[in-house]
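Student: I am new to this structure. Could you show me how to read the packing of its helices and strands?

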Amino acid sequence: LGAEIINTPSALGMTGATKKAYELAAQVPGSYVPNQFNNPLNPAAYQRTLGPEILAALGAEPITAFVAGAGTGGTFAGTAKALQAAQPDVYTVAVEPAGSILNVRVDQVQTISDDAAFSEVKRAARELGLLIGSSSGAALAASLAVAEQLPAHATIVTIFPDGSDRYLSEGIYD
């Protein structure tokens, strides 16, 4: 689409990328930085859309736990808020990659290694026909760990936010 890719040093992480985005926005008239980490519209969108969609899909089925990646916080926080508004006892579990430092209020944090996430990516493809990405694999691994802690017939809701298409060239299914 003609975009110019500007990489920032990996060592600076998201903080460096965000800083660079603001520097560029200051130089380009009409620019906008959505700042999904701090923008209240990010979780609000999921609270208005995905949360109610999940509740409608499940009907009267009580949700025992909601397990989802922490990411920027928007999907997790907004969906959790909508689910807990309808069912206050929903147990919330944020999933983060190993090495991450999470700063959100949740009932539990599941830290999932890359190896565990990609193991679930392969298993989901092989056994379920689902071509999910590593964030989804981490959510699946965390959901399975949470399931071991819950009573039989508990309902766990999770979100698969990515597909495996961007990993195909990496040979993840070899």
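Predicted model: local features only at pLDDT ≥ 70, side-chain atom pairs only at ≥ 80, totals over all residues.

Student: How do I describe two packed helices?

Tutor: Use the angle between their axes and the distance between the axes. Here, the axes of H2 (residues 41–48) and H4 come within 7 Å and cross at roughly 45°. H2 and H4 are therefore oblique to each other.

Student: Is the crossing of H2 and H4 left-handed or right-handed?

Tutor: H2 passes H4 in a right-handed crossing.

Student: Now the sheet. In which order do the strands lie?

Tutor: The order is E3-E2-E1-E4, in an open sheet of four strands with parallel pairing. Strand E3 (108–112) and strand E4 (156–158) are the edges, and each pairs on one side only. On average, neighbouring strands are turned by 25° against each other, direction ignored.

Student: How many bridges join E1 to E2?

Tutor: Five bridges link E1 (residues 65–69) with E2 (residues 91–97). Val67 stands opposite Val93 in E2.

Student: Which strands does H4 touch?

Tutor: H4 (residues 74–86) packs on the sheet against E1 and E2, and its direction makes about 170° with that of E1. Helix H6 (residues 134–149) also packs on the sheet, touching E1, E2, E3 and E4. The direction of H6 makes about 130° with that of E3.

Note on methods: Residues numbered from 1 in each chain as written. Heavy atoms only, no water. Pairing = 2+ DSSP bridges. Helix = DSSP H or I, 4+ residues; strand = E, 2+ residues; numbered from the N terminus. Axes fitted to C-alpha atoms, helices over the stretch in contact; angles between N-to-C directions. Contact = heavy atoms within 4.5 Å. Parallel < 35°, antiparallel > 145°, perpendicular 65-115°, else oblique. Left-handed = near helix turned anticlockwise from the far one by under 90°.
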